[in-house]
Amino acid sequence: MNVRLYTFVSFAFAFLYLPIVALVAYSFNASPRVTVWQGFSTQWYAALLDDREIMQAALLSLKVATMNATFSTILGTLAAFTLVRHSRFRGRTLFTGLVAAPLVMPEVITGLSLLLLFVASESWFGWPKERGITTITIAHITFSLAFVAVLVQSRLATFDRSLEEAALDLGAPPWKVYFVITLPLIAPALVSGWLLAFTMSLDDLVISSFVSGPGSNTLPMVVFSMVRKGLSPEINALATLFIGVIGVGIVASVLLARRGLSVPTR
Amino acid sequence: MADGHDSGLGRLFVIGTPYLWLGIFFLVPFILVLKISLSESILAQPPYGPLWETDANGHVEVKASADNFSYLVEDSFYKDAYFKAVKTAFYSTVIALLIGYPMAYGIARAKQPWRNTLLMLVVLPFWTSFLIRVYAWKVILQGNGPLNGLLMWLGVVDEPVQILYTDFAIYLGIVYSYLPFMVLPLYAAIERLDLTLNEAAADLGAPPWRVFVSITLPLSLPGIVAGCGLVFIPAVGEFVIPEMLGGPNAAMIGRVLWNEFFANRDWPIASAVAVAMLVFLVVPIMLFQRFEARAEGR
């Protein structure tokens, strides 16, 4: 039973990692034809760094991802506090629904609806004048904050309140209790939440495509249009860099806080 | 921020800020989608007409109509696209459950240093780019790609077979991309189970399959519902996977919406497609939320 189970589990993991390993291997392929091996080369990395369109898009994506991660960590944490600590207020059912729905909502619907909001808001209030970095960031915050909320919520749910109560009993004002006790204790979840929001933003194609304007292409949008034209070895190099950076980031965050890598969903 | 100690103002801030944000940027947009799905497509910027017009005499003329929806119903193209999307999402969810359950079970029952490592290995691909992982399959499945090379080397086939741009490739892509979403809630549900129940059943003479069917499976039901929700609902509207791995005729509804919007610039029809998709998804979404809320209340 156990041998069979763990053989199956090993195959399942191989399934998860095979494509990633293949991409990394092909990124060092000298041949311009993506799938024919012709020896080791790092030329696609050089070509990638020379590609101005990709570099510009990468810069935009990094800016959006950083702002998104920061704002959605703040909003997501507030949402998590609301869900865990405020069991009674008017409209709580609606609030729970609003936090859970972005986790599963098909991206085409979220993207279309946000675009319609921005268009309507421009005709009502004259804002936003043009769609670009601001509208993309707002859209990303809207779906990322739900994921951050789930992460922080699971941390708060298993949280020992007696430390907070002791501090309050000893006369500490609530804001001080929050910054000295609560925040450090939930910090690992906040770090995971920030990283998760950052990655999700860096990865989003569909919602960004709807809410971006001319001249504001994010990295996934450029990658997508390149892939549409055919396979490109540059993308393999880009993918490898991506996986490398994220891999290092994850391992670092796990080492920093052993319980850091909480589970994104329950 | 602690309950019962904070001032009304702090409480208002904690609840109000995310509430306001989600209200403006998540709830209001849906109302706009509904509104524009009832309007007429016109050649203008933005390309939709008003829902009512007031003429010089002050008479209000209602322009709203359900024409877009009757168009969706009449043209079998849309019906087929919905059906195909729901069917594809359903089978992908079943396959992901069949692969994900043993994985989650194996991880939950593994000894400790292993358990965390395996769990991290499930989460890790989820943190790398989704777009890039789908693209990786495009590379692997190509006519002259490694999978065909392997099949020919094994002697299964004599010449490259068409795998990319088939429905099989879409299923593969969806199961692959959404598998971590299935495993994580299942793991959380199975890990929490009280093993003494299993031991008691075994002591009373129940064979292992019986223990599994009457104890483990029903008790992990919340995890199954959450996992299936996280796979099925987004998969119905999936755009990237059918676009990149499916054939040009693989019209799943998410792809149809995308094309109506970007290629045809028909915003009202795109909105109607979105509204109709939501109608289909309302029941699964409610179900998912109920189980989310229940898990949260623990």
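Two residues are in contact if their C-beta atoms, placed from the backbone, lie within 7 Å. By that rule, the contact between the chains takes 78 residues from chain A and 85 residues from chain B. Helix 1 (residues 2-27) of chain A gives the largest share of the chain A side, 13 residues. Helices here are DSSP runs of H or I with at least four residues, strands are E runs of at least two, and both are numbered from the N terminus. The chain A side divides into 62 nonpolar, 11 polar and 5 charged residues. Ala, Val, Leu, Ile, Met, Phe, Trp, Tyr, Cys and Pro count as nonpolar, Asp, Glu, Lys and Arg as charged, and the others, Gly among them, as polar.

This is a predicted model: local features need pLDDT of at least 70, side-chain atom pairs count only at pLDDT 80 or more, and totals for chains, interfaces and linings use all residues. Residues are numbered from 1 along each chain as its sequence is written, while chains are lettered from A and ligands numbered from 1 in the order in which they are written.

Now chain A itself. Its secondary structure comes to 11 helices and 0 strands. The C-alpha trace spans about 70 × 60 × 35 Å along its principal axes. Of its 266 residues, 47% count as buried (20 or more other C-beta atoms within 10 Å of their own, with C-beta atoms placed from the backbone).

A149(A) touches G76(A), A79(A), A80(A), L83(A) and V99(A), leaving aside residues up to four places away in sequence.

Conventions:
Buried ≥ 20, exposed ≤ 12 C-beta atoms within 10 Å, placed from the backbone.
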